[in-house]
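Welcome! Have a look at the structure below, and then let's walk through it together.

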Amino acid sequence: MKLNIGVPNSMHVAAMVQPWEFELNGEDVGRAMQLADSLGFNKCMLGEHFIVPQTHIELSGDHYFHTTVALGYIGGKTKDLRLSSSVSILPLQSPIVQAKAWSTLDWLTGGRAEALFGVGWLKEEYDMLNVAFEKRGRMADEYLAAIIELWTSEKPEFQGEFVSFKDVGFAPKPVQKPKLPIWLGGDAEPVLKRVAKFGDGWSPFRTPPEKFPECLDFIKSQPEYDGRPIEMFFALEMLNVGAHHEILDDPRAPGTHSAQKIIDQIGWLKDLGITETIVPMPPGITGPDVYRDRLRWVASEIMPNV
């Protein structure tokens, strides 16, 4: 099991954030990720919204980074830590611009980028960015195909409903070959079919954990699945977050100080097909020093046993 880390103070979702995070500035976040890198964490992850209506701020917050910009900063502070969104909202930006952002990040960091894309749920955000919410699934499929074409073809060419290009050059290509890993987040059947066609990994959100094996079987049953490995990421903290960021108070979500309980939880997730997770923070973290001590504890007490 690979242990990832959420980037602190990168979003203010009420069901997940702790007040101590609000103290952190950019340099503090960079130092925290340097520590995680030195301790052997696999990957850092952060979410994305571009603009949030006032009616959603109480639960969702309005503090979000642009993922590739933030990951570029973290990449410059670290050496081995892999760099992932969680998630980037795929239909809200041009696929050409997104392909360039991710290939730039991968090239500059020596092949450490991993894109986790989703279609989002916040219609008002789509409306404010003048993107058709009801077309977001079709757009995602087309955007993924166009991005992969730009990353992998020496003479990229694509003709679609939402994006078209030909007789163009595109460089730098990603360092990772044939492309940097693509993960898809979400739970609906079209998402699972999208994983089968394009994905190297799946990140469920509201799917009950007990159904993960069934969903993985569905992915691998699709005609466009070619037998490649499908990684899976799930963090227990997500059990506390509703579809629109409601607080669910799931008793499995909070972190604990019991190493054995965490090891048992990770074993349960592994049995369900999960290959990457985040060890949740326990309630009551009081500041950056306690947070950093928690990272060291996870590295010494949990990592060797999972």
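Predicted model: local features only at pLDDT ≥ 70, side-chain atom pairs only at ≥ 80, totals over all residues.

Residues are numbered from 1 along each chain as its sequence is written, and side-chain values use heavy atoms, leaving out hydrogens and water.

**The whole protein**

- The protein has 10 helices and 11 strands; these are DSSP runs numbered from the N terminus, with helices (H or I) of at least four residues and strands (E) of at least two.
- Its C-alpha trace spans about 55 × 40 × 40 Å along the principal axes.
- The radius of gyration is 19 Å, which agrees with the value near 19 Å for a compact globule of 306 residues; it is taken over C-alpha atoms, and the globule rule is 2.2 Å times the number of residues to the power 0.38.
- Buried residues make up 54% of the 306, where buried means under 20% relative accessible area with a 1.4 Å probe, counting protein chains only.
- Of the contacts (heavy atoms within 4.5 Å) between residues at least 6 apart in sequence, 71% join residues at least 24 apart.

**Strand β3 and its partners**

- In strand β3 (residues 82-85), Arg 82 and Ser 84 point one way, Leu 83 and Ser 85 point the other way, and all are buried.
- Strand β2 (residues 43-46) pairs with β3 in the parallel sense over four bridges; strands count as paired if DSSP finds at least two bridges between them.
- Within this pair, Arg 82 of β3 is the bridge partner of Lys 43.
- β3 also pairs with strand β5 (residues 113-118), in the parallel sense over two bridges, and there Ser 84 stands opposite Glu 114.

**Helix α6**

- Helix α6 has 17 residues and reaches 24 Å from its first C-alpha to its last, close to the 24 Å expected at 1.5 Å a residue; the expected span is 1.5 Å times one less than the number of residues.
- Its buried residues include Met 139, Tyr 143, Ile 147 and Trp 151.
- Among the elements covering the buried residues of α6 are α4 (95-108), β5 and α7 (189-198).

**Tyr 143 up close**

- Tyr 143 lies in α6 (residues 136-152) and is buried, with a relative accessible area of 7%.
- Not counting residues up to four places away in sequence, Tyr 143 touches Leu 90, Pro 91, Gln 93, Pro 95, Gln 98 and Phe 162.
- Gln 98 is 45 residues from Tyr 143 along the chain, and their C-alpha atoms are separated by 9.3 Å.

Terms used. Buried < 20%, exposed > 50% of the residue type's maximum accessible area, 1.4 Å probe, protein only.
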